[in-house]
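Here are my notes on the model you sent over. Have it open while you read.

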Amino acid sequence: MEQANLTVGYVAKRCGVKVSTLHFYEDKGLIQSWRNQGNQRRYKRDVLRRISVIKAAQKMGLALEDIKAAFIQLPNQRTPDKEDWAQLSAIWRAQLDARIAYMQRLRDSLTGCIGCGCLSMTKCPLYNPDDILAEDGVGPVILDRAKE
């Protein structure tokens, strides 16, 4: 069995994260450490790849809960290998495509609103006087309608 001999400081530096981030990931069940005889945290080398996957997924806008759910699907909750990454990235790609489409709709709505020059907000598709859209749902109802 691989030795858990990487220090928390080494892992933090190598991964470009703060020590507190490692503790946070551990508290969330995303990574695991072991304690040595002096009760200091030690990590196995594969944690470096696991943290890289976490960071890549976060840059795509995925929530830590989604990342954890993906990790749980792996046999023995192992660190993702090349095939695992192919499967995860295919799933996450669809989520990213949906997020990109939403951001494009947002961008296009804001450009049209700002570009009209009226400054009165009377023609803005995002404006919601007297909260009349409350009965249609929560959040940006008009933008969400555009994806249907």
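1. Helix H1 (residues 8–15) and helix H2 (residues 19–27) pack with their axes 8 Å apart, at an angle of about 100 degrees. H1 and H2 are therefore roughly perpendicular to each other (65 to 115 degrees; under 35 would be roughly parallel, over 145 roughly antiparallel, the rest oblique). Axes are lines fitted to C-alpha atoms over the stretch in contact, with angles from 0 to 180 degrees between N-to-C directions. Helices (H or I, at least four residues) and strands (E, at least two) are DSSP runs, numbered from the N terminus.

2. Which residues of H1 and H2 meet? From H1 there are Val-8, Val-11 and Ala-12, and from H2 Val-19, Leu-22 and His-23, with contact meaning heavy atoms within 4.5 Å. By class, that contact has 5 nonpolar residues, 1 polar and no charged ones.

3. This is a predicted model, where local features need pLDDT of at least 70, side-chain atom pairs count only at pLDDT 80 or more, and totals for chains, interfaces and linings use all residues. Residues are numbered from 1 along each chain as its sequence is written, and side-chain values use heavy atoms, leaving out hydrogens and water.

4. Have a look at Asn-39: its phi is positive, about 65 degrees, although it is not a glycine. Asn-39 sits in the loop between strand S2 (34–35) and strand S3 (41–43). Asn-39 is exposed, at 52% relative accessible area (exposed is over 50%, buried under 20%, partly exposed in between; 1.4 Å probe, protein chains only).

5. Lys-28, in the loop between H2 and S2, is partly exposed at 39%. Lys-28 and Lys-68 are 40 residues apart in sequence, and 8.1 Å apart in space, C-alpha to C-alpha.

Key. Nonpolar A, V, L, I, M, F, W, Y, C, P; charged D, E, K, R; others polar.
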